[in-house]
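Good morning, and thank you for coming. Please look at the sequence and the structure on the screen while I speak.

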Amino acid sequence: MLVISLAAGCSSEPAPTPEPDSSFDAAEDAQPEDADAQPEDADAQPEDADAQPEDADAQPGDADAQPEDADAQPEDADAQPEDADADATDATDADASDSDAGATDADLDATDADGDTDSADASDSDADTDADPILTVPTCTADVDCTEGHCSNGVCTPEGHVYLPPATYTRGAPTTERGFHEDRENGEHTAVLTRGFYMKTTTVTQGEWLDVMGGSNPAYFAACGGDCPIEHITWWEALAYANALSASEGLEACYNLQGCVGRAIGTGCYPTDRDEGQICSGYYCDKDLLAPLDLDCNGYRLPTEAEWEYAARGGTTTAFITPSGDLTEWGPSPVDPEMDQIAWYIGNSAVTYPTGYDCSTDPDNPIPCGTHPVAQKAPNGFGLYDMTGNVWELVWDWAGDYPEPGTTVTDPTGPATGIGRRMRGGTYVSGGQYLRVAYRTKIGEASRLPFIGFRLVRTVTPAQD
Ligand SMILES: [Ca+2]
């Protein structure tokens, strides 16, 4: 019954209106539009409906549905309106998507949507207890002081993670910065983070996803391999992964996922969806029942947008986190020598494995590109890899406006509600402004795209003594 009422609301949504800045951000626009895929999702998913109005605002083309999500990518690539690649990639994408869906179909039959519901219920009860304290962790001065893991910023830290202490930093960018995005950014303000946290040094990989979630590999770029980023998962699925990982380590579930329905997590689309004029309807939950983020949860969670930028800057205050803080080459060619050191981006993300997207701007000279294994480029000042490029990284925050310039915000978790969620850091198809550390874009919670991934954090408190 809930489904029916929500679906009705969906059908009465106002017509989409073009995003005012769409011509400015070809690259980014392409991505938000993926969000557009949601309208179709809406058919299958009641909750998406809620998000749809916004998605729609973001982009007129969303209407087309998921097959096009893939298409959107080429644009991301160049940040150039002229992507001629779209046509070529459409056909390719569609074929590839279909085969993916075919593979997952089989998987779905085996796993069954019921399994999702069960796990969601389990998460709920965990989250509801809400009694688990922040984990107190040992301090150290060297790795030998830690019985396990390593010493990171004075705290014993699990391998593959760093500890980032509480901090105050300047978030955002000067309005005069090249590539500043007037509609999404709002100058600079001060962000105070009162909690320290572990952050994974890489985005979650395909192998790590499969270890925790089982089933088939939802990644579009499965051919890239187990050390490559998981992508083609939705924001909801990232939350489900975080809860599952927490459960596997006896930690608190940070998300009270409720009303979760749809297909098994990560199973993506069916080829027949398109035949029926529907979009990929994956796993999604009731966002109206999702509790506000509890930063004191001791389990794994997405970073807040403020935590993400603090981490990504790695102590820098520059536009880019390249060694000089600058970017010389904003387009795909020639390769920017500094960006090439730290990121997989439009200038260097060519791939030889199957299913690469055409990242070229020349239809006569296609260049397949895609994701690359994590941690192959130089880390930032905090030891974090791929904070720029490879895949966009989902964060907790609703997409919304920043605080006023010059203000100070403490432990911000974003707007109380909104349309879509923020994601940060750019991708293998990003160039120019999208690689700026202050750049922010958005995506619908139920959107599943091959250039969106995530990394997790966990709040901890150093032992006092
Ligand atoms: Ca990234």
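Predicted model: local features only at pLDDT ≥ 70, side-chain atom pairs only at ≥ 80, totals over all residues.

Residues are numbered from 1 along each chain as its sequence is written.

Some terms come first. Helices (H or I, at least four residues) and strands (E, at least two) are DSSP runs, numbered from the N terminus. A residue is buried if 20 or more other C-beta atoms lie within 10 Å of its own, exposed if 12 or fewer, and partly exposed in between, with C-beta atoms placed from the backbone.

Let me begin with helix α8, residues 235-248. What span should its 14 residues have at 1.5 Å a residue? The expected span, defined as 1.5 Å times one less than the number of residues, is 20 Å, and the end C-alpha atoms of α8 are 20 Å apart, which agrees. Helix α8 is largely enclosed by the rest of the structure, because 11 of its 14 residues are buried. Among them are W235, W236, L239 and Y241. After α8 comes G250, with a positive phi near 70 degrees.

Helix α10, residues 305-313, is mostly covered, with nine of its nine residues buried. The buried residues of α10 include W308, Y310 and R313, as well as E305, E307 and E309. G314 follows α10, and its phi is positive, near 55 degrees.

I turn now to the strands. Two strands are said to pair if DSSP finds at least two bridges between them. An open sheet is formed by three strands in the order β5-β6-β11, with mixed pairing. Its edge strands are β5 (167-172) and β11 (408-410), each of which pairs on one side only. From one strand to the next, the twist averages 30 degrees; here axes are lines fitted to C-alpha atoms, for helices over the stretch in contact, and angles run from 0 to 180 degrees between N-to-C directions. Strands β5 and β6 (residues 188-193) run antiparallel and are joined by six bridges. G172 has E188 of β6 as its bridge partner.

Which strands pair with β10? Strand β14 (residues 452-453) runs parallel to β10 and is joined to it by two bridges, while strand β12 (residues 421-424) pairs with β10 in the antiparallel sense over three bridges. On the β14 side, E393 stands opposite G453; on the β12 side, W398 stands opposite R421. Strand β10 itself, residues 392-398, is mostly covered: seven of its seven residues are buried.

Finally, the backbone details. Most residues other than glycine have a negative phi, and most peptide bonds are trans. Is H232 buried or exposed? H232 is buried, with 30 other C-beta atoms within 10 Å. This residue, in the loop between α7 (206-213) and α8, has a positive phi of about 65 degrees although it is not a glycine. A375, in the loop between β9 (368-369) and β10, also has a positive phi, near 60 degrees. A375 counts as partly exposed because it has 17 C-beta neighbours inside 10 Å.

The last item is a cis peptide bond between S333 and P334, with omega about 0 degrees. P334 is placed in the loop between α10 and α11 (339-342).
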